[in-house]
Amino acid sequence: MKFLFTFFILFIPLFARPNLPISFEENGLYGFKNKSGKVIIKPQYQHVMDFTKESVSFVVNENKWVCIDTKNKILLETFVYDNGPDYYSEKLARFVENGKFGFFDSRCKKQIPATYDFVFPFENGFSIVCNGCKLQPEEEHSRIVGGKYGAINKTGKLVIPIEFESINSIDAKKKTANVTNNKTKSTINFK
């Protein structure tokens with residue numbers, strides 16, 4: 001009997017589906033209903049994605065991708081990548097706040113504050129960041145121009161100072177980076 005009780009306590013929550021809102025469309029706008037069909041978020045969005053298991057959804061509000069909770073509170077504005085919200089890389093995605101970039105997690109909680117002019121997705125535990133750089137549109141895509149570059153780790157700590165013309169690669173195991181400064185390429189060590 002004790003085994004059966006332990007089984008139910010530990011494994012039933014794994015099979016339970018949260019009561020997540022379901023999207024619906026009305027007059028070209030999208031909102032959400034609960035499982036009973038009651039409207040809980042009135043149609044107001046141009047596009048929506050399903051709520052995740054973390055109880056957040058990405059929606060288009062005033063031509064911007066934002067993350068909302070089940071109470072329709074806007075949690076943050078995501079960086080747009082491939083016409084949708086940014087992809088997660090190493091469990092973090094990019095958000096934009098006051099023209100600056102930072103990182104958020106799967107619950108749309110800001111993990112690294114928006115303090116950089118641009119940030120690249122995390123790769124092998126590091127993100128290349130820049131200040132003084134700008135997104136320059138080129139047809140349907142954009143490229144980053146100008147500025148100085150550095151790198152942060154997943155806690156947001158600056159591990160390579162923002163003082164290089166470019167960071168061409170980072171070797172996470174050796175803790176080295178190939179950088180360019182004054183048009184000269186070199187390899188630096190970092191902690």
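1. The second largest pocket is lined by 14 residues, and Ile-128, Ile-167, Asn-168, Ser-169 and Ile-170 lie nearest its centre. On a 1 Å grid over the protein atoms alone, a pocket here is an open set of points with protein on both sides within 12 Å along at least five of seven lines, where a 1.4 Å probe fits, and lining residues have an atom within 4 Å of a point. Its volume is about 260 Å³, taken as the space filled by probe spheres set on points joined across faces, edges and corners.

2. A caveat before going on: this is a predicted model, where local features need pLDDT of at least 70 and side-chain atom pairs count only at pLDDT 80 or more, while totals for chains, interfaces and linings use all residues. Residues are numbered from 1 along each chain as its sequence is written, and side-chain values use heavy atoms, with hydrogens and water left out.

3. Back to that second largest pocket: β14 (126–131) and β19 (166–171) each supply at least two lining residues, and β19 gives the most, with five. Strands are DSSP runs of E, at least two residues, numbered from the N terminus. The lining splits into seven nonpolar, five polar and two charged residues.

4. The largest pocket has a volume of about 690 Å³. Its lining has 23 residues, with Phe-79, Val-80, Tyr-81, Leu-135 and Ser-142 nearest the centre. Two or more residues each come from β7 (74–78), β8 (80–81), β10 (93–97), β15 (134–138) and β16 (141–145). Of the elements, β16 gives the most, with four residues. By type, the lining of the largest pocket has 11 nonpolar, five polar and seven charged residues.

5. On to the rings: there are 10 aromatic pairs. Rings of Phe, Tyr and Trp (its six-membered ring) pair if their centres lie within 6.5 Å, and planes under 30 degrees apart are stacked, over 60 edge-to-face and the rest tilted. Tyr-81 and Tyr-87 have centres 5.6 Å apart and planes at 80°, so they are edge-to-face. Phe-118 and Phe-120 also make an edge-to-face pair, 4.9 Å centre to centre with 80° between the planes. Phe-79, Phe-101, Phe-118 and Phe-120 form one aromatic cluster.

6. How exposed are these rings? Phe-118 is buried at 6% relative accessible area, Phe-120 is partly exposed at 31%, and Tyr-81 is partly exposed at 39%. Buried means under 20%, exposed over 50%, and partly exposed in between (1.4 Å probe, protein chains only).

7. Now the charges: the count is four salt bridges, each a side-chain nitrogen of Lys or Arg within 4 Å of a carboxyl oxygen of Asp or Glu. In one of them, Arg-94 meets Asp-86, with the closest N and O atoms 2.9 Å apart. Arg-94 is buried at 3%, and Asp-86 is buried at 7%.

8. Asp-117 pairs with Lys-100 at 2.6 Å between the closest N and O atoms.

Methods: Ala, Val, Leu, Ile, Met, Phe, Trp, Tyr, Cys and Pro count as nonpolar, Asp, Glu, Lys and Arg as charged, and the others, Gly among them, as polar.
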